[in-house]
Amino acid sequence: MKKILFLIFFAFISFSLFAGLSYELYTNNVKLNWDKVDNAVYYDIYVGTKPLVRLTKGELTYTVKNLDQNSDYTITMGARDENNNTLYAAKVSFTTLDYSGIYRFENSSEDDNDGKLDSLEFKASLIEDERGQYMSISYPIDGKYLQFFPFEPFNGPWNWIKFKSNLDIAKVYKDICRKINVLDITPSEFRPDNVSFTTDTVILDITSKAFGIKVSTKTELLFKSDETGTYLIFKTDGSDLAKKALYKNKSSSDPYAFRLEKVN
């Protein structure tokens with residue numbers, strides 16, 4: 001199918017382009033909208049010259065997600081009949097934005113973990129190097145933003161870190177634990193086990209030790225942008241033992257997730 005799409009792509013780019021295709025840009029996501037084309041059975045979407053998706057008749061909108069930030073794109077839509085004849089073609093060009101900024105969650109509920117979880121805040125900055133695009137994440141401690149991600153060394157392996165260490169990562173981890181841990185149990189040390197990332201996502205697997213017991217957690221930082229705004233989803237989940245210690249956010253459909261709005 002992809003070979004067919006590649007061949008017919010070059011058949012339709014020479015057509016005159018008409019009005020009817022529009023877009024709404026949400027940082028690195030773009031929502032495409034177009035008018036119905038008579039007798040169209042397929043709507044094909046291309047990013048540059050690469051076929052992305054073939055939609056069935058009746059679908060007049062599609063959102064292309066997770067594009068590179070601060071990057072130029074041209075997206076083409078082609079409407080075709082059942083014999084793959086092009087009935088209509090149009091394209092849009094744009095430059096994506098980036099997620100750099102400050103994100104904050106304000107806890108307006110009465111359940112604030114005994115005053116410890118009144119808010120959450122992170123600062124994000126776009127980095128682009130030999131590893132690709134990723135978000136550098138910092139956390140405010142005593143009026144300064146301390147780096148939370150990336151770790152050093154970037155890809156590990158990582159040693160155990162004392163919970164009471166003066167390292168920036170330890171200070172950040174300690175304060176986040178203070179806010180979202182509902183049990184009076186303090187880890188003695190912790191260690192990053194695995195890190196993965198995309199242009200708008202960071203996932204951290206961390207093991208903590210308390211009284212000789214190891215507990216595994218997964219923290220996700222997901223940058224999002226849509227009709228409702230630009231925001232960061234901060235989520236920490238883990239093993240059954242970890243779940244017992246984690247604060248549950250009653251204002252979220254996912255009790256382990258927080259939505260932090262972009263404020264700057």
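Thr201 is found in strand β14, which spans residues 201-210; strands are DSSP runs of E of at least two residues, helices are runs of H or I of at least four residues, and both are numbered from the N terminus. The model is predicted, so that local features need pLDDT of at least 70 and side-chain atom pairs count only at pLDDT 80 or more, whereas totals for chains, interfaces and linings use all residues. Residues are numbered from 1 along each chain as its sequence is written, and side-chain values use heavy atoms, with hydrogens and water left out.

With a relative accessible area of 17%, Thr201 is buried (buried means under 20% relative accessible area, exposed over 50%, and partly exposed in between, for a 1.4 Å probe and protein chains only). The side chain of Thr201 makes a polar contact of 3.3 Å with that of Asp200. A polar contact is a pair of N or O atoms within 3.5 Å; within protein, one must be able to donate a hydrogen and the other to accept it, and residues adjacent in sequence count only if both atoms are side-chain atoms. When residues up to four places away in sequence are not counted, Thr201 touches Ser196, Leu221 and Leu222, contact being heavy atoms within 4.5 Å.

A salt bridge is defined as a side-chain nitrogen of Lys or Arg within 4 Å of a carboxyl oxygen of Asp or Glu. By this rule the structure has 15 salt bridges. One of them joins the side chains of Asp44 and Arg80, with an N to O distance of 2.2 Å. Because Asp44 belongs to strand β3 (residues 42-47) and Arg80 to strand β6 (residues 72-80), the pair ties together parts that are 36 residues apart in sequence. Asp44 is buried, at a relative accessible area of 0%, and Arg80 also counts as buried, at 0% relative accessibility.

Glu189 counts as buried, at 13% relative accessibility.

In the salt bridge between Lys235 and Asp254, the closest N and O atoms are 2.9 Å apart. Lys235 lies in strand β16 (residues 229-238) and Asp254 in the loop between α3 (240-245) and β17 (257-262), so this pair ties together parts 19 residues apart in sequence. Asp254 is partly exposed, with a relative accessible area of 23%.
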